[in-house]
Every structure is written in structure tokens, then in C-alpha cells.
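Hi everyone, thanks for coming. Please take a look at the sequence and the structure on the screen, and then we'll walk through them together.

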Amino acid sequence: MSNEKQIELKEWIQSLEAVIDQGDPERVQNILDQMQRRAAREGIFPCYAANTPYLNTISKEQQPTYPGNREIERRIKSLIRWNAMAMVVRANRESGGIGGHISSYASAATLYEVAFNHILRGKDHPEGGDQVYIQGHASPGIYARAFLEGRISKEQVRNFRQELRKDKGLSSYPHPYLMPEFWEFPTVSMGLSPIMAIYQARFNRYLEDRGLKDQTGRVFAFLGDGETDEPETLGAISLAAREQLDNLTFIVNCNLQRLDGPVRGNGKIIQELERNFRGAGWNVLKVIWGDSWDSLLEKDEDGLLATRMEEAVDGDYQKYVVSDGAYIREHFFGTDPRLKELVKDLSDEELQKLRRGGHDPEKVYAAFKAAEDRKGAPTVILMKTIKGYGLGEAGEGKNITHQQKKLNEEELRHFRTRFNIPLDDESVGCAPLYIPGDDSEEIQYLKARREKLGGFLPERRVNAEKIEMPDRTLFEEFYGGSDGKPVSTTMAFVRLLAKLLRDKNVGQSVVPIIPDEARTFGMEALFRQVGIYSHVGQKYEPVDKETLLYYKEATNGQILEEGITEAGGMSSFLAAATAYASHGKMMLPFFAFYSMFGFQRVSDLIWAGGDMRARGFLMGATAGRTTLAGEGLQHQDGHSLLLAHPHPHVRAYDPAFAYEIAVLIEEGMQRMFVDQEDAIYYLTIGNEPYPMLAMPEGSREGIIKGMHCIHQASEQKKAHVQLLGSGAILHESIRAQELLQEFDVSSDVWSVTSYNELFREAEDVDRWNRLHRFEAQKTSHLQKCIEEKADAIVAASDYVQALPSTLARWMPPSFVVLGTDGFGRSDGRKALRNFFEVSAEHIAFGALSELARQEKISKDVFLQAQKKWDIDTERASAIRS
């Protein structure tokens with residue numbers, strides 16, 4: 001650069017510094033923005049830099065005064081570190097292979113302790129309690145803190161990961177289902193915490209904007225840097241910025257290691273995450289270097305140290321952790337003589353002790369405070385730490401450290417000495433738990449800090465008011481059928497939902513959730529009725545404003561229209577479905593999704609819902625393999641009910657009629673929101689219109705238990721069968737009853753609303769009978785329904801054969817199962833049902849085939865039916881096609 005250009009550059013920098021010295025950051029930003037716009041008009045665009053230098057975002061001069069007693073907090077943190085390590089080591093000595101994690105909490109201890117002592121608000125805080133998603137692998141540290149607080153006993157800590165012992169134990173990770181008064185959110189299915197936290201923060205705003213709650217607190221999510229590889233972690237971060245969720249903070253523990261090795265050995269995970277979050281509109285704070293680096297950076301007038309910090313990759317930094325000071329001097333500072341000169345006065349031991357920012361309480365607190373003060377955007381704090389911090393040779397910074405569960409006596413002594421735990425050499429080898437007296441300075445301080453912040457965390461409270469049920473007449477409208485008018489079950493559900501939204505008792509508590517498919521499901525009428533929630537309202541005039549059912553957004557809107565994201569919709573559902581515990585507000589969430597993209601896509605979140613004790617309704621719309629005409633392979637659901645089967649908290653139903661939907665929703669509301677049962681109801685609904693039958697007298701119990709008779713034979717012929725149908729295929733079973741009459745075969749038609757519920761009750765009865773063999777034996781609802789003698793039972797479903805086959809062991813040998821195994825096809829309903837062999841003709845033919853096997857009908861009758869119904873006996877099955 002020429003001397004003239006250097007002078008010019010210096011003048012520009014001096015001008016900028018003059019404005020900076022006046023202490024007006026907004027003015028500086030405005031000048032830079034104006035200059036950038038002016039350059040753009042001439043076609044000159046500066047390079048966009050998504051990254052800031054590899055330095056702390058908050059300088060030493062900007063750090064606020066630390067609000068606590070550093071020495072007492074250090075002692076408390078050391079005790080927690082020891083007890084967290086001891087509980088894992090003891091558990092694995094007593095029960096080999098029980099597992100547990102030492103290293104994650106070891107790296108994050110300072111992050112949690114600063115937060116617990118000065119940031120996180122408990123349930124009794126006047127501004128509302130915070131909701132905290134704690135990194136699952138850090139659970140031993142959270143238990144160790146609760147142990148010091150007196151919230152969990154020594155017996156529980158000793159029984160870490162041994163919950164089935166007679167005296168109480170502790171669950172492996174945060175599990176509200178297992179510890180319902182302690183843990184609030186399940187977090188160890190990695191990647192789910194971030195997306196759940198984002199939608200939880202948005203739901204908090206939803207409650208405030210609708211006037212349902214004044215103070216909802218803040219949301220904090222403690223994450224691992226390796227966890228950010230999960231697509232759910234970063235998949236929804238743009239929503240948080242778009243919704244200006246300044247009530248949300250992510251804390252990413254960047255210890256640079258995953259389970260098996262470095263997160264980004266050849267790069268920098270902190271810089272990568274900064275790019276992602278800054279690009280999405282988040283406020284990004286980096287805490288990379290501890291206070292021992294401050295003086296070196298101050299002396300680094302030429303920026304050589306900052307440049308070297310940028311050059312070294314994470315694999316290098318991991319190596320420095322396990323190396324001595326001489327190695328660091330040679331390989332980090334030795335790349336330039338001027339850098340080596342910079343540290344000439346530091347010993348090798350001092351170089352080895354240059355600590356990372358995530359282990360410096362003042363740096364950590366400064367970041368938390370800056371996040372608290374930031375308005376208009378969510379914040380992510382990227383904290384650089386060392387995995388296994390304090391373990392020394394046992395695993396500090398090593399690739400094996402995540403699996404470290406045992407320490408020998410020498411390693412325990414090293415840990416004891418490093419953190420100054422008052423244990424003698426003789427006892428330390430037993431890894432004893434240590435707690436000072438209740439009157440000790442440490443315990444008094446710890447409790448006082450939590451009292452000031454509104455109580456202990458984590459904590460889960462259930463104190464929501466009960467909802468008064470709507471008048472039964474609201475549901476009874478659906479009992480009478482449709483007088484021959486074709487109606488789909490989706491239409492029936494939408495009408496029922498609209499009535500619930502208008503109900504004086506429950507209307508304000510209903511939360512309709514849709515992933516950009518309201519018009520597909522016929523739910524657009526709700527846009528006008530209750531509006532779509534938007535924190536900023538509607539800043540534009542919608543293109544369809546002149547129509548009756550225009551797209552209406554409003555600050556107090558009730559519908560959560562999530563866009564094309566089932567994961568986002570499910571996360572909103574979980575926030576609403578657990579509001580009774582997290583906010584003391586009983587909400588009624590109805591999440592309607594394409595059934596194909598529900599359990600198949602977000603089953604992990606639904607499972608987490610069980611762990612969270614969620615309560616609400618999942619509606620699997622456009623359900624069934626043959627019901628959704630034309631869509632084909634990727635859209636036609638034939639297995640969601642089977643996928644729901646293993647979820648112990650899900651009550652899954654496949655209703656065929658409006659009255660069944662009404663009964664099930666009323667029953668679900670009573671159980672979940674009045675009787676306080678933790679459950680999720682999954683109801684499939686279809687888009688095929690057909691006449692809705694009136695509710696048979698006395699069928700309510702059967703609908704709920706999973707099976708009731710809708711058509712009984714007027715007279716029983718010599719050959720008699722029972723036809724089991726569900727969903728839209730039930731109408732094929734009804735038609736099959738008519739077809740069989742032509743061949744002098746009588747039949748009863750049953751609506752199987754839930755194979756899942758039938759299976760569970762039959763299993764329960766079998767278990768009871770097995771355990772009480774010499775007492776009066778019980779009979780399940782299923783067995784009562786099929787005990788009437790029938791020559792054959794034919795179950796036809798729009799789902800895979802495995803679903804009705806779950807009942808096979810309680811059925812006679814004459815049980816015939818028809819289902820829709822295989823990939824879907826693009827065609828009409830009639831052709832699809834023939835292809836999958838669940839049409840009325842195939843149902844009737846299945847019955848005749850079984851009767852022929854039993855010689856109840858002749859071969860001639862069998863062949864006559866085959867010809868009449870055009871049954872192709874030679875073509876390949878649908879699953880082979």
C-alpha cells in the first residue's frame with residue numbers, strides 16, 4: 001500500500017474513532033450503514049463477514065461487576081463437582097455397566113453455577129419462573145446441587161441409575177415421567193431441546209398476547225456443541241429471530257468434543273455456530289478466553305495473538321489441553337518469534353493454566369447479563385470449555401472422556417486435591433459423597449441465592465385450575481347421524497372444534513395447531529372465527545381480504561399456523577400440552593397434521609411428550625392408505641396407528657363416524673383435563689365423504705374400549721361371520737355384509753375404533769389372570785365381543801395387517817386379516833381398495849374362503865363368488881407389486 005493510501009486509511013479510521021469516543025454506538029452503526037448503501041449505489045458491495053474475530057464478544061472493560069462471593073461459589077462448585085463424579089463412580093462400582101457421565105458436567109459446571117446463583121428464576125419469582133432445558137448428560141451435576149440443597153436424599157444419590165431399588169433412586173437423565181416433581185423437560189434425545197425451547201418461548205408470548213398470563217418468565221436451553229449437528233437444533237432458529245423472542249437464550253457448551261472425537265477437528269465449531277446464528281438474526285455472544293488471556297491480548301498491539309487464535313483449529317486446541325506448557329509454547333506461540341516473546345515471562349505451568357472462557361465465572365456472568373439486557377432478539381452464548389475439566393490424566397480433554405465412568409484411587413486423589421475437597425487419603429478411594437453441615441457458609445449461601453431468585457430449580461409443579469366440561473349437548477349434536485348426507489370425519493371434527501372454540505367454559509383454552517394445511521383439512525373457516533396468532537399482528541392486507549375465509553393474522557389470534565414443519569407444530573403442541581405444569585394454565589391443544597407425516601416424522605417428539613406428561617389431541621388428517629385418493633406413495637398413510645402402538649401414553653383411535661369422534665373427544669377431555677390423567681389422544685380423520693350413521697344405543701363404552709357392534713344380523717344363517725372394520729373401510733365391511741347375504745351367509749358388523757386399546761386391555765386381563773390363577777378369572781372387552789359363536793372373523797383395515805393382527809392370540813383360528821401392506825398408488829379409492837384387497841368384495845370373499853376351508857360352503861359357491869366379484873387370484877400381492 002502506497003504512503004498516500006496509508007495516510008488516507010488512517011484519516012478514515014481516525015474519523016471513525018472520533019465518533020466511537022463520543023460513546024454513541026447507534027450513531028457509529030448508522031454511519032457505517034449509510035456508507036454501505038452509498039457504495040451499493042455505485043455497484044460496490046463490501047464482503048459480508050458472518051464471523052467476528054475469535055475473541056470474547058464482551059471486552060474486559062465492558063464486564064459488569066460480579067455480583068457474588070467468588071470464593072464461596074468456588075467451594076460450592078467444587079463440592080458439586082466432587083459429588084457428581086462420586087455418584088457416577090460409585091454406581092459403576094456397585095453395578096458394573098450401569099453407565100453415567102462425568103465429563104459433560106465437568107466442562108459445564110461454571111456455566112450452571114453462575115446461572116443458578118445469579119440468573120435463573122424459580123417458580124416463586126415475581127416476574128415469573130424461568131423454564132430451563134438442562135443438557136441431559138449434565139444430570140449428575142444437577143443432582144449433586146440438589147443434594148447440597150437438601151432436595152434429594154443420600155440414598156437417592158447412592159442409587160443413581162438404579163430406580164428399581166426398594167429405597168428411591170435417580171433416573172439417568174432429565175425425565176419428568178419418572179421424577180414428576182423434579183425434572184420439567186426431557187432433554188437427552190439430543191436435538192429436541194433446542195426446537196422445544198424455541199416453541200416454548202413463542203408459546204409463552206402467545207399466552208401473554210392473548211391475555212391468558214401476565215408474566216411467563218424466560219426460556220434457557222443448555223446445549224452441547226456436538227448436539228448442533230442434529231437437524232432439529234438449528235432447523236427452527238430463524239423462527240426465534242423472526243418472532244423477536246428476546247425471552248430465549250441458548251447456552252452452547254463448546255467443549256469441542258462429541259462422544260467419539262472432536263466436533264470440528266479441522267475447523268472451528270464456535271465460528272461455524274456464530275455464522276449460523278448471526279445469519280438467522282440472533283444476538284451472538286462468544287466466551288472463548290478466560291481472564292488470564294486478557295493481559296496477553298492487551299500487549300498484542302499488532303494483533304498477532306488474535307491472528308494465531310484464528311489460525312489454530314479445534315483439533316489443535318484439543319491437543320493443547322492434554323499437552324504440557326512446553327508443547328503449548330512451541331506449537332501455539334512458537335509459530336512466530338514475536339508471539340514467543342509475548343509469553344517469555346510466563347512459566348510452562350502458567351501457560352498450561354491459561355484457561356478457557358467457560359471456566360471463568362466473571363466472563364460467564366458478563367455474557368448472561370448481556371443476554372438478559374438484550375431486547376428484540378434471542379441470544380446464543382457460545383462458551384468454550386474443556387470436556388472432563390478437572391479429571392486430569394483420567395480423561396481431561398481426551399477422546400475417551402465421554403465414556404469415562406470409573407476413576408482409580410490415584411485419579412480420585414488428584415481430583416480431590418485439585419478442587420480442595422476436605423477428604424483424607426484413606427477415605428477418598430471409596431469416592432464418598434460429601435456434604436458440609438446445614439449451618440456451613442456454603443450451604444447457607446447456596447440456599448440464600450436460590451431464595452432470592454424465587455426458589456429451587458429444576459422444579460415441576462402441577463397446580464393448574466381444572467377446566468369445567470362443556471355442556472353435553474355440544475357433543476350430542478353429532479350422535480344423530482347426517483340423514484344420508486355425505487360428510488367426512490374431518491368435516492365432523494372441524495365442526496366440533498369450532499363449537500369448542502365458542503364454548504364459554506373451554507373456548508379460550510383451546511389451541512388449534514396446524515402445519516400449513518388448514519385449507520387441505522377444511523379448517524380455513526377458523527381463520528375468521530378466531531384468527532391466526534402473530535406477535536406483530538397483520539402488517540399487510542391479505543390478497544384474499546375480500547373473501548369470507550381470508551388469511552387473518554392477529555396479535556390475539558388463537559390458531560398456531562406453523563408453516564411446513566411438523567416438528568415445529570409438535571413442539572408447539574408440547575408447550576401447550578404441558579402448560580398445566582409449566583404455567584399453571586390448563587390448555588386444550590388440537591394438533592392436526594397429515595397422518596403420514598405425524599408419527600413417521602416426529603415420533604421422537606411424541607415420545608418426549610409422554611416423558612413430559614403432555615395432555616392433548618393429535619389429529620391424523622387425510623388418514624388411510626386408500627382413503628386419500630390420487631396422492632400416491634409418499635402421502636398415503638397405512639401405518640401411523642401401528643407406529644402409535646408402542647407409545648405407552650398414546651390412546652390411538654381410528655373412528656369411522658361423527659358420533660365416535662364426539663364420544664372420544666369428550667372422553668379425552670374428561671380424562672385429561674378434569675380427571676388429570678396424563679395421556680395423548682391420537683384420532684385419525686379422513687377426507688372421504690359418506691353418510692354418518694346415528695349412534696347405536698348403549699355403544700359409548702364400546703367406542704371408548706375399542707369395539708362396538710353397528711349392524712347385527714336380523715337372523716343368523718347356517719354360516720355366520722363377524723366383520724370387523726374401522727375408519728373409512730368400515731363402509732366396505734357394511735357393504736360386504738350385503739354381498740354375503742346373496743350367498744346365504746349372515747354377518748354382524750363391528751366398528752373397531754381402536755386395535756391399540758383392545759390389545760392393551762386384553763393384555764392387562766391376561767396378566768391379572770396369570771397372577772391370580774386361583775381367583776375368579778376376568779374377561780376382556782374384546783373377548784366379550786367375540787364370544788358369540790361365528791364361523792369366521794374378518795378384520796379389514798386401511799392400515800397394515802400387523803395392526804389387527806395384534807389381536808390374533810385372542811382370536812379363533814378362523815381369524816382373517818386384510819390390510820394395506822405395501823406402497824401407496826395414485827388412483828381413485830375404488831381402484832386402491834381393490835388393489836390392496838380391502839374392498840367389500842375382498843372382505844366378503846375372505847369370509848367365504850374361510851367358510852370353504854371349514855367346508856361350510858361348497859367349491860361351486862366359492863368359484864361363483866370369485867367370478868361374480870372379479871377376484872384375480874393370480875396377481876401378486878400389493879406388498880410384492
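Let me begin with a question: which residues have the most contacts inside the largest nonpolar core? They are Phe 250 and Phe 333, and the core they belong to has 105 residues. Before I go further, please keep in mind that this is a predicted model.

Which helix gives the most to this core? That is helix H7, residues 192-209, with 10 residues. As general background, nonpolar side chains in soluble globular proteins tend to be buried together. There is also a second, separate core of 95 residues, and it includes Ile 532, Ala 592, Phe 657 and Phe 836.

Let's stay with Phe 333 for a moment. Leaving aside residues up to four places away in sequence, Phe 333 touches Trp 293, Leu 296, Leu 305, Ile 328, Leu 339, Lys 340, Val 343, Leu 351 and Leu 354. Phe 333 also belongs to a cluster linked by ring pairs, together with Tyr 54, Trp 289, Trp 293, Tyr 317, Tyr 320, Tyr 327 and Phe 332. One of those rings, Tyr 327, has a charge above it: the charged end of Lys 319 sits over the ring, 5.4 Å from its centre.

Now back to H7. Its 18 residues should span 26 Å at 1.5 Å a residue, and the end C-alpha atoms are 26 Å apart, so the two agree. Because 16 of those 18 residues are buried, H7 is largely enclosed by the rest of the structure. H7 is followed by Gly 211, which has a positive phi near 75°.

If you look for Val 219, you will find it in strand S2, residues 219-224. Val 219 is buried, with a relative accessible area of 0%. Its contacts, again not counting residues up to four places away in sequence, are Gln 131, Tyr 133, Ala 197, Gln 200, Ala 201, Asn 204, Asn 247, Leu 248 and Thr 249. Val 219 and Leu 120 are 99 residues apart along the chain, yet 9.4 Å separates their C-alpha atoms.

On to the aromatic rings. How many aromatic pairs are there? The count comes to 43. Tyr 112 and Phe 116 make a stacked pair, 6.5 Å centre to centre with 25° between the planes. Both lie in helix H4, residues 103-118, four residues apart, or about one turn of the helix. Here the general rule is handy: an α-helix has 3.6 residues a turn, so residues three or four places apart point the same way. Tyr 112 and Phe 116 are both buried.

My other example is Phe 593 with Tyr 682. Their ring centres are 6.2 Å apart and their planes are at 15°, so this pair is stacked. Phe 593 is in strand S11 (residues 588-594) and Tyr 682 in strand S14 (residues 680-684), so the pair ties together parts that are 89 residues apart in sequence. Phe 593 counts as buried at 1% relative accessibility, and Tyr 682 is buried at 0%.

Next, a few backbone details. In general, most residues other than glycine have a negative phi, and most peptide bonds are trans. Arg 161 is buried, with a relative accessible area of 18%, and lies over the face of Tyr 173, at 5.0 Å from the ring centre.

Asp 744 also has a positive phi, about 60°, and sits in the loop between helix H30 (730-741) and strand S18 (745-751). Asp 744 is partly exposed, at 47% relative accessibility. As for the peptide bonds, the one from Leu 457 to Pro 458 is cis, with omega near -10°. Pro 458 is in the loop between helix H20 (441-452) and helix H21 (473-476).

Let me finish with the cysteines. How many disulfides does a search of the whole structure find? The search finds zero. Cys 709 is in no disulfide, and the nearest cysteine sulfur, in Cys 785, is 8.6 Å away, which is too far for a bond. Cys 709 is partly exposed, at 24% relative accessible area, whereas Cys 785 is buried, at 6%.

Technical notes. Residues numbered from 1 in each chain as written. Predicted model: local features only at pLDDT ≥ 70, side-chain atom pairs only at ≥ 80, totals over all residues. Heavy atoms only, no water. Disulfide = S-S within 2.5 Å. Buried < 20%, exposed > 50% of the residue type's maximum accessible area, 1.4 Å probe, protein only. Core = buried A, V, L, I, M, F, W, Y, C linked by side-chain atoms within 4.5 Å. Helix = DSSP H or I, 4+ residues; strand = E, 2+ residues; numbered from the N terminus. Contact = heavy atoms within 4.5 Å. Phe/Tyr/Trp six-rings, centres within 6.5 Å; stacked < 30°, edge-to-face > 60°. Lys NZ or Arg CZ within 6 Å of the ring centre and 35° of its normal. Expected span 1.5 Å × (residues − 1).
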